[in-house]
Amino acid sequence: MIRNAVTEAIFKRQTIREYKHEQITDEMLETLMEAAKRAPSGRNTQPCHVRFVQDAGMLHEMHIDFKNHVGWETPAYTRSDTNPFYHNAPTFVFIYAAHDSAMDAGIMAENICIAAEGMGLGTCIVGSAGALFNDEAGKKWNEKLHVPRDFRYQIGICVGYPNEQPPQKPRFDDRIEIIR
Ligand SMILES: Cc1cc2nc3c(=O)[nH]c(=O)nc-3n(C[C@H](O)[C@H](O)[C@H](O)COP(=O)(O)O)c2cc1C
């Protein structure tokens with residue numbers, strides 16, 4: 001296999017759900033914003049609105065809102081019985097778009113994750129928060145995030161310095177085939 005900085009970042013990336021408190025640098029933030037901007041989109045429509053939230057108070061408020069909405073007993077998706085949906089990451093990226101632009105948002109999300117990996121940062125993609133943000137109860141956040149009201153939360157990404165090193169999860173080998 002060919003190994004270079006890009007393929008290494010792709011092969012090494014894994015979901016991180018524990019982060020150091022330390023915020024990422026502004027240079028890293030700018031790099032991630034550029035990675036988001038450079039993402040391809042269908043017909044180059046660039047339909048996603050992206051918000052990099054570094055306001056810990058705002059994220060905590062969203063967490064309370066999320067739990068009040070989905071229920072405090074709900075083991076909120078992968079370790080969220082202990083963690084908020086943003087896994088206490090110091091930066092959380094919101095990708096909003098119209099309902100038919102999920103593909104564009106997903107492609108942008110991976111761009112951000114791989115760029116972050118390349119800078120030694122950890123990431124976790126978060127779909128579950130849509131339960132709040134795409135419900136009427138969560139629509140107030142569109143305004144606070146300066147996103148058009150009819151836009152949907154497509155995906156979010158935790159970003160920060162990793163504070164865990166979980167083993168990589170195995171992948172199915174029988175789902176990819178060469179046909180020649
Ligand atoms: C579309 C999507 C939504 C996800 N939503 C969540 C989520 O809400 N919370 C979470 O902790 N992890 C979430 N994940 C992370 C997955 O659980 C993780 O990618 C998967 O278990 C594979 O692990 P790996 O990323 O370490 O290879 C999501 C991943 C994707 C691609």
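User: Why is D65 called partly exposed?

Analyst: D65 has 17 other C-beta atoms within 10 Å, and because a residue counts as buried with 20 or more other C-beta atoms within 10 Å of its own, as exposed with 12 or fewer, and as partly exposed in between, with C-beta atoms placed from the backbone, D65 is partly exposed. This is a predicted model, in which local features need pLDDT of at least 70 and side-chain atom pairs count only at pLDDT 80 or more, whereas totals for chains, interfaces and linings use all residues. Residues are numbered from 1 along each chain as its sequence is written.

User: Which residues does D65 touch, not counting residues up to four places away in sequence?

Analyst: With that exclusion, D65 touches L132 and G138, a contact being two residues whose C-beta atoms, placed from the backbone, lie within 7 Å. D65 itself lies in helix 3, residues 56–70, where helices (H or I, at least four residues) and strands (E, at least two) are DSSP runs numbered from the N terminus.

User: What pattern does the protein chain follow along the sequence, and what makes it as compact as a globular protein of that length?

Analyst: The protein chain follows the pattern α-α-β-α-β-α-β-α-α-β. Its radius of gyration, 17 Å, is close to the 16 Å that the globule rule gives for 180 residues, so the chain is as compact as a globular protein of that length; the radius is taken over C-alpha atoms, and the rule is 2.2 Å times the number of residues to the power 0.38.

User: What share of the 180 residues is buried?

Analyst: Buried residues make up 29% of the 180 residues in the protein chain.
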